[in-house]
Amino acid sequence: MTYHKILVAIDRSPLADLVLDRAVDLAQKESAQMMVFHTVEIEATANVPPVVGTGMGLVPSTGRTIPEVQRQRIDAQNEQAQEYLRTCADKAAARGIATEYDRKVGDPGSLICQEAVSWGADLIVVGRRGRKGMREMLLGSVSNHVIHNAHCCVLVVQGLVPTEETTPPPSELGKK
């Protein structure tokens, strides 16, 4: 199968470099265009100090309203994401890949799928941190959402997460 437009969805986690590298390698082999995409989660920016006793929706330390504080945090994260994406796109362009980048604010899984449709991607490359069980259920899984809702093929780059099966027993650590 040949891919012409590859959307690579990255965050700023340690896994992002591996995801980007895999997508760049594939785009180069396929002579494909690439879109580097990032989402700023609203929940991640809503870490506002508790409002106690004002009853007016004000943050006591600043005198600003909670929506103002949230908007400023979203704007700051958007600026950081823009610079990060520019750096990622430059890495891909240095290897001869026609690369665009974009970012949106909202739910990552949904926005990745929407961006893939609107940009016309025929492959999405996304990372997976390896959450399992309760952690995945409570924290969610962007890659799982994308796999089940994308209109096109999805390549999941697995992060290296130590498990009981891959971690040597304490008695074997340090031996060669």
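Trainee: What pattern does the chain follow, read along the sequence?
Mentor: This is a predicted model. The chain has six helices and five strands. Read along the sequence, they follow the pattern β-α-β-α-α-β-α-β-α-α-β.

Trainee: In what order do the strands of the open sheet lie?
Mentor: The open sheet is made of five strands.

Trainee: Over how many bridges do S1 and S2 pair?
Mentor: Strand S1 covers residues 5-9, and strand S2 covers residues 33-40. They pair in the parallel sense. The number of bridges is five.

Trainee: Which residue in S2 is the bridge partner of Ala-9?
Mentor: Ala-9 belongs to S1, which spans residues 5-9. Look across to S2. There the bridge partner of Ala-9 is Phe-37.

Trainee: What angle does the direction of helix H1 make with that of S1?
Mentor: Helix H1 (residues 16-30) packs on the sheet. H1 touches S1, S2, strand S4 (123-128) and S5. Its direction makes an angle with that of S1 of about 175°.

Trainee: And what angle does the direction of helix H4 make with that of S2?
Mentor: Helix H4 (residues 108-119) also packs on the sheet. H4 touches S1, S2, S3 and S4. The angle between the directions of H4 and S2 is about 150°.

Trainee: Which residue in S4 does Ile-6 stand opposite?
Mentor: S1 and S4 run parallel, joined by four bridges. Ile-6 stands opposite a residue of S4, namely Leu-123.

Trainee: How many residues of S1 are buried?
Mentor: For the chain of 176 residues, 33% count as buried. S1 is mostly covered. Of its five residues, the number buried is four.

Trainee: Why does Ser-13 count as buried?
Mentor: Ser-13 is found in the loop between S1 and H1. The side chain of Ser-13 makes a polar contact of 2.7 Å with that of Asp-11. The cut-off for buried is under 20% relative accessible area. Ser-13 counts as buried because its relative accessibility is 17%.

Trainee: Is Ser-31 buried or exposed?
Mentor: Ser-31 has its place in the loop between H1 and S2. Its phi is positive, about 55°, although Ser-31 is not a glycine. Exposed takes over 50% relative accessible area. Ser-31 has 68%, so this residue is exposed.

Trainee: Why is Ile-112 classed as buried?
Mentor: Ile-112 is found in helix H4. Leaving aside neighbours within four places in sequence, its contacts are Leu-7, Ala-9, Phe-37, Ile-124, Val-142 and Val-146. Buried means under 20% relative accessible area. Ile-112 is buried because its value is 4%.

Trainee: How far apart in space are Ile-112 and Ser-143, C-alpha to C-alpha?
Mentor: Ser-143 is found in helix H6 (residues 142-149). In sequence, Ile-112 and Ser-143 are 31 residues apart. In space, their C-alpha to C-alpha distance is 9.7 Å.

Trainee: Is Ser-143 buried or exposed?
Mentor: Leaving aside neighbours within four places in sequence, Ser-143 is in contact with Val-126, Gly-127, Arg-128 and Val-156. Its relative accessible area is 4%, so Ser-143 is buried.

Trainee: Which residue's side chain has a polar contact of 3.3 Å with that of Ser-143?
Mentor: Ser-143 sits in H6. The contact joins two side chains. The partner of Ser-143 is Ser-141.

Trainee: What share of the accessible surface of the chain belongs to carbon and sulfur atoms?
Mentor: The accessible surface comes to about 10600 Å². The share belonging to carbon and sulfur atoms is 54%.

Terms used
Residues numbered from 1 in each chain as written. Predicted model: local features only at pLDDT ≥ 70, side-chain atom pairs only at ≥ 80, totals over all residues. Heavy atoms only, no water. Helix = DSSP H or I, 4+ residues; strand = E, 2+ residues; numbered from the N terminus. Buried < 20%, exposed > 50% of the residue type's maximum accessible area, 1.4 Å probe, protein only. Polar contact = N/O pair within 3.5 Å; in protein donor to acceptor, adjacent residues only side chain to side chain. Contact = heavy atoms within 4.5 Å. Pairing = 2+ DSSP bridges. Axes fitted to C-alpha atoms, helices over the stretch in contact; angles between N-to-C directions. Areas by Shrake-Rupley, 256 points an atom, 1.4 Å probe, with all protein chains shown as cover.
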